[in-house]
Amino acid sequence: LKTFMRFFEATKGVAKINGIDVKYVAIEDLRKQFAYVPQDVFLFSDTVDSNIAFADPDCPRERVARAAEAAEADGFIRKLPEGYETIVGEKGLGLSGGQKQRVSRARALLKDAPIIVFDDSTSALDLETEKRIFRNLREHYAGRTMLIAAHRASSVAACDEILYMEDGAVVERGTRDELLALNGRFAHIYREQSANAAETVI
């Protein structure tokens with residue numbers, strides 16, 4: 001995923017977007033096409049509002065709140081001592097892992113880029129919150145390309161195509177239903193994680 005944005009240069013093969021090799025696109029122009037939600041969230045020592053509005057600091061609060069709602073962050077933000085004006089410490093000090101991930105996701109959604117990258121960005125969220133977030137994405141951001149890296153099979157279940165990787169190589173690919181019918185590695189992980197989730201709920 002980071003190769004697409006040229007955080008790393010490809011040492012083998014080619015990374016293309018719309019048939020164009022990304023190494024021939026100016027870095028600034030390339031990265032304008034992406035909104036990135038990292039696994040390790042970094043928040044600035046500033047207000048929650050400023051952290052979400054990083055890509056457009058002068059945007060109205062209503063737009064910030066809409067992005068936060070889609071990221072399932074608005075509810076907990078409004079309960080903070082100063083709401084959106086609450087200062088969070090560097091790296092999100094004072095927020096839980098799941099709260100930081102939701103603020104980071106809201107920041108990416110506010111950028112409103114054509115390609116949104118989620119780099120294992122729901123690992124600290126419970127399954128129900130994750131489901132609501134992906135439902136919001138399908139409803140409000142349907143025209144964007146979304147690239148999702150995840151260890152949790154449910155995070156990619158609704159994707160148009162799933163690439164199951166082991167040791168840096170793609171070993172299975174297809175939709176969720178196709179991969180379940182294949183009854184291979186993805187199907188095993190998916191069923192095992194689904195069973196564990198059901199036991200946790202019980």
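Helix α3 is followed by Glu72, whose phi is positive, near 60 degrees. Helices here are DSSP runs of H or I with at least four residues, strands are runs of E with at least two, and both are numbered from the N terminus. The model is a predicted one, in which local features need pLDDT of at least 70, side-chain atom pairs count only at pLDDT 80 or more, and totals for chains, interfaces and linings use all residues. Residues are numbered from 1 along each chain as its sequence is written, and side-chain values use heavy atoms, with hydrogens and water left out.

Most residues other than glycine have a negative phi. Glu72 sits in the loop between α3 (61-70) and α4 and is partly exposed, with a relative accessible area of 21%. On this scale, buried means under 20% relative accessible area, exposed means over 50%, and partly exposed lies in between (1.4 Å probe, protein chains only). Asn183 counts as exposed, at 55% relative accessibility.

Back in α3, the buried residues are Val64, Ala65, Ala67, Ala68 and Ala70. These buried residues pack against α2, α4, α5 and α6, where contact means heavy atoms within 4.5 Å.

Asp74 lies in helix α4 (residues 74-78) and counts as buried at 13% relative accessibility. The side chain of Asp74 makes a polar contact of 2.5 Å with the side chain of Tyr84. A polar contact is a pair of N or O atoms within 3.5 Å; within protein, one must be able to donate a hydrogen and the other to accept it, and residues adjacent in sequence count only if both atoms are side-chain atoms. Not counting residues up to four places away in sequence, Asp74 touches Ala65, Ala68, Glu69 and Tyr84. Asp49, found in helix α2, is buried with a relative accessible area of 14%. The side chains of Asp49 and Arg61 are joined by a polar contact of 2.5 Å. With residues up to four places away in sequence again set aside, Asp49 touches Arg61, Val64, Tyr84 and Glu85.

The structure holds five aromatic pairs, counted when rings of Phe, Tyr and Trp (its six-membered ring) have centres within 6.5 Å; planes under 30 degrees apart count as stacked, over 60 as edge-to-face and the rest as tilted. The rings of Phe118 and Phe134 have centres 6.5 Å apart and planes at 85 degrees, so this pair is edge-to-face. Because Phe118 lies in strand β6 (residues 115-119) and Phe134 in helix α6 (residues 127-140), the pair ties together parts that are 16 residues apart in sequence. Phe118 is buried, with a relative accessible area of 1%, and Phe134 also counts as buried, at 10%. Over the ring of Phe134 sits the charged end of Arg105, 5.7 Å from the ring centre; this requires NZ of Lys or CZ of Arg within 6 Å of the centre and within 35 degrees of the ring normal. Elsewhere, ring pairs link Phe42, Phe44 and Phe54 into a cluster.

Not counting residues up to four places away in sequence, Ala150 touches Asp120, Ser155 and Val156.

Cysteines complete the survey. With a disulfide taken as a pair of cysteine sulfur atoms within 2.5 Å, the count comes to zero. Cys59 is buried, with a relative accessible area of 10%, whereas Cys159 is partly exposed, at 21%.
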